[in-house]
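Today I opened the notebook to look up how two chains sit against each other. Here is what I wrote down as I went.

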2 protein chains.
Amino acid sequence: MPALMASSELAQRVLAGDRSALARAITLAQDGGEAGRELIRELYPSTGGASVVGVTGPPGAGKSTLISSLITRRRAAGSTVGVLSVDPTSPFSGGAVLGDRIRLAEHFLDSGVFIRSMASRGALGGLAAAALGALLLMDAAGFDAIYLETVGVGQAEIDVVDHVDGVLLVLVPGSGDSVQALKAGVMEIPDVIAINKADHPLAQTTLREVRGVLALAPPGSPRIPALLTDALSGEGVAELDAALEAHRARLVAQGALAARRRRNLRNEVLAHATARWRLELEERLEGDARFEALLDEVAGRRLDPLSAAEQISGQRDGA
Amino acid sequence: MPALMASSELAQRVLAGDRSALARAITLAQDGGEAGRELIRELYPSTGGASVVGVTGPPGAGKSTLISSLITRRRAAGSTVGVLSVDPTSPFSGGAVLGDRIRLAEHFLDSGVFIRSMASRGALGGLAAAALGALLLMDAAGFDAIYLETVGVGQAEIDVVDHVDGVLLVLVPGSGDSVQALKAGVMEIPDVIAINKADHPLAQTTLREVRGVLALAPPGSPRIPALLTDALSGEGVAELDAALEAHRARLVAQGALAARRRRNLRNEVLAHATARWRLELEERLEGDARFEALLDEVAGRRLDPLSAAEQISGQRDGA
């Protein structure tokens, strides 16, 4: 009968790799309610087996198409693959969710591939928690490799570096802003860089620029591979896959994977705690007449913002 | 005698427009200590008179040079001007602080212009608070116009939109990533857009692309002007200055400036409170054996990150 499953029955089905159960579990996690939290609590001991790669880059760089090519290779090697695309929703177009799904469509009928998109609309503040929950659920469902796709220009709602084993940055000829951002140290240096659309006349120039930036790294820094790829023709995808594998193998060999994961988990715990506190604060202050009166004081320049913040924090401690 | 001034004497000198006092006051605010907070508390009632424009865009777009041209115009109109450049420090080059200062050098001897750079190195977590403090101090010192310059690609450490009266986005031909980000809705739509380096062969193409994106705005959205500028030749700078003034005049006429400032101040108060809480949390957990034991549980997959975060929050409430 189609009644609500008990959390533990759903958990068992996720562990068994049941795709519809996994889809439901992710929806529960996205809802942000107690049921989703309970499910993750239950399944967390079964996680940690997946290799998680963050794929980031400006919109239009071809991240989804490149992931699709990487999936084909991983599948041929016998691995199962999960993909989580976190799409900021556009106020103009309604977001790229559909487009991404189309690019990954060739894998939809493959039972060894699970694809999920998550839009930021309606998940304000909770998107990071929802995405990290989805990653854990895919991990528990036994997928060997997971790709977390996020947009890496502008407001990155998920700081992907903090939650994955390796970061792939996808650029294209014309990604001048990202190259400048790397050069200025504004953007974090990833573990592997792909210049996608290798047949573009300026591809070689962009590759040289990127390698020029990477050559400025201080001595002793890890060597970051930068490669030309073409997701449509498949050019360079084998080399890219190998570079990602080599990065992970190096981490494991140096014993650095455990340290990286511990650092990531530390950040995750602190971020959850802070987000929780902020959410409680906003809920508590919603429609609170005393807070509005406090804001009147600040807007009237009689009380400065820091002192107002101290008063709020003080209230909290006393509550 | 060169002893430490009392906060209130320093405050008086800042109010009188004393530049060396202002410089010292900003350093105090940047230190993050009680003296700086006390000073801002004291001066806050004297703020709110300045028009604050945020200038954002990718590294290398020519933000500083464009600000320099805008300063020349404002000065000719009899206004005094403050500039705060927030420079993310590069792990490679040590940051762009020096370069920015050189571009603004022609105004160094003008007593009606005050320029300050702030690097993110060493201000981790506290940069936003330090920058907002500096803005308030410049405002109290009586500057008519203040430009807050930040880098707008990658991790924006200060969400400039939340703290200014108007936002100018500076792009260049080659800013493909930013145009894509605007189009995808990943980057917030600013109030005015300048395509700088108007003599570049692709300047017109980029202008058309940007206008194409802006044309997709839903009906009833404010019309965002996009202009070609050339900071070196001065081309388009008068039009840019006028567009920024027109934006502000429109806000004032609609009574929207007060609403925008109240929204900004609300965000600022909440952000200060959250940052304060996070800082206290990190200090409390630094070297805490129980927290490390909790992380061991998480790293060992025996406790999930959300539950760990709940335990931390619980401790806090009970403490």
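First, a definition for my own use: a crossing is left-handed if the near helix is turned anticlockwise from the far one by less than a right angle, and right-handed if clockwise. I also count helices (H or I, at least four residues) as DSSP runs, numbered from the N terminus.

A note on the source: this is a predicted model, where local features need pLDDT of at least 70, side-chain atom pairs count only at pLDDT 80 or more, and totals for chains, interfaces and linings use all residues. Residues are numbered from 1 along each chain as its sequence is written, and chains are lettered from A and ligands numbered from 1 in the order in which they are written.

I looked up the helix pair. H11(A) (residues 289-299) packs with H10(B) (residues 256-285) at about 115 degrees, the axes 10 Å apart; axes are lines fitted to C-alpha atoms over the stretch in contact, and angles run from 0 to 180 degrees between N-to-C directions. The two are therefore roughly perpendicular (65 to 115 degrees). Their crossing is right-handed. On H11(A), the contact uses Leu295(A), Val298(A) and Ala299(A); on H10(B), the residues include Arg261(B) and Leu265(B). Here contact is defined by C-beta atoms, placed from the backbone, within 7 Å.

Next I checked the whole contact. Chain B gives 64 residues and chain A gives 63. H10(B) supplies the largest share of chain B's side, 15 residues.

Do the copies meet through the same surface or different ones, I wondered, and what share of residues answers that? I noted that 98% of the interface residues of chain B are also interface residues in chain A, so the copies meet through the same surface.

Technical notes:
Two residues are in contact if their C-beta atoms, placed from the backbone, lie within 7 Å. Angles under 35 degrees count as roughly parallel, over 145 as roughly antiparallel, 65 to 115 as roughly perpendicular and the rest as oblique.
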